[in-house]
Amino acid sequence: MISFRKADERGGADHGWLNTRHTFSFADYYDERYMGFRDLRVINEDRVRPGEGFPTHAHRDMEILSWVLAGSLEHNDSLGNGSVIRPGELQRMSAGTGVRHSERNPSPTDPLHFLQIWILPDRDGLPPEYEQTAFPEEERRGRLREIASPDGRDGSLTIHQDVRLFVANWERGKTLAHELAPGRFAWVQAARGSVSVNGNRLEHGDGGAISAEKALELVGERGTEILLFDLG
């Protein structure tokens, strides 16, 4: 079974410096039907104007992932980390017992487009952590590349939850398959282009919650990029 979350039905706001769309309830947007899916709590599609960003603020007890689609994202935090995340790089911040950070678009000319993802951790009170890794396009092209997992397998980032995150890019029409173990669920997010999931079409910004399925058949087209969450 697939339940759709259409892009134009999402919440969000245009703050001038930030145009944001919320797949699930977030900040001032609340819809009791969309409070997350399994341990996936937030998928925000953010567009940030040049030179603008999120001022220093605090988080705790959340796994926070950032996946840049275009532009660059500058990160600074109270752990002493300072970095710039670019397309093809995944950032993971485990807020744990508490961390303060800022995120901004460092470019004076180019907009920033990225996905902000929050996952509930398997337990509270973890030590705060930061991690960032590049996943070149050749590793993602025409295959599902695992980029986050609970055990850091295959060079993926380590998250504190029973969630496996994959990304795939298409340069031509091709079918990709993903098996779901018994009792597993999935969420597919169309980050660019469109994709068919077991015969159901998702356009850019759409998401699909998948349950009671043994396998997924994913058919993309040139320029398509998806995120696939395999969830316990």
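Buried here means under 20% relative accessible area, exposed over 50% and partly exposed in between, using a 1.4 Å probe and protein chains only. Strands are DSSP runs (E, at least two residues) numbered from the N terminus. This is a predicted model, in which local features need pLDDT of at least 70, side-chain atom pairs count only at pLDDT 80 or more, and totals for chains, interfaces and linings use all residues. Residues are numbered from 1 along each chain as its sequence is written, and side-chain values use heavy atoms, leaving out hydrogens and water.

**View 1. Strand β4 is largely enclosed.** Seven of the nine residues of β4 are buried, so the rest of the structure largely encloses this strand.

View 2. Two strands pair if DSSP finds at least two bridges between them. Five antiparallel bridges join β3 and β4; look for threonine 20, whose bridge partner in β4 is aspartate 46. Eight antiparallel bridges join β4 and β11, where arginine 47 has histidine 113 of β11 as its bridge partner.

**View 3. The largest pocket has a volume of about 430 Å³.** On a 1 Å grid over the protein atoms alone, a pocket is an open set of points where a 1.4 Å probe fits, with protein on both sides within 12 Å along at least five of seven lines; lining residues have an atom within 4 Å of a point. Its volume is the space filled by probe spheres set on the points, which are joined across faces, edges and corners. Of the 26 lining residues, Leu18, Phe26, Ala27, Asn44 and Phe54 lie nearest the centre of the pocket. β5 gives the most to this lining, with four residues.
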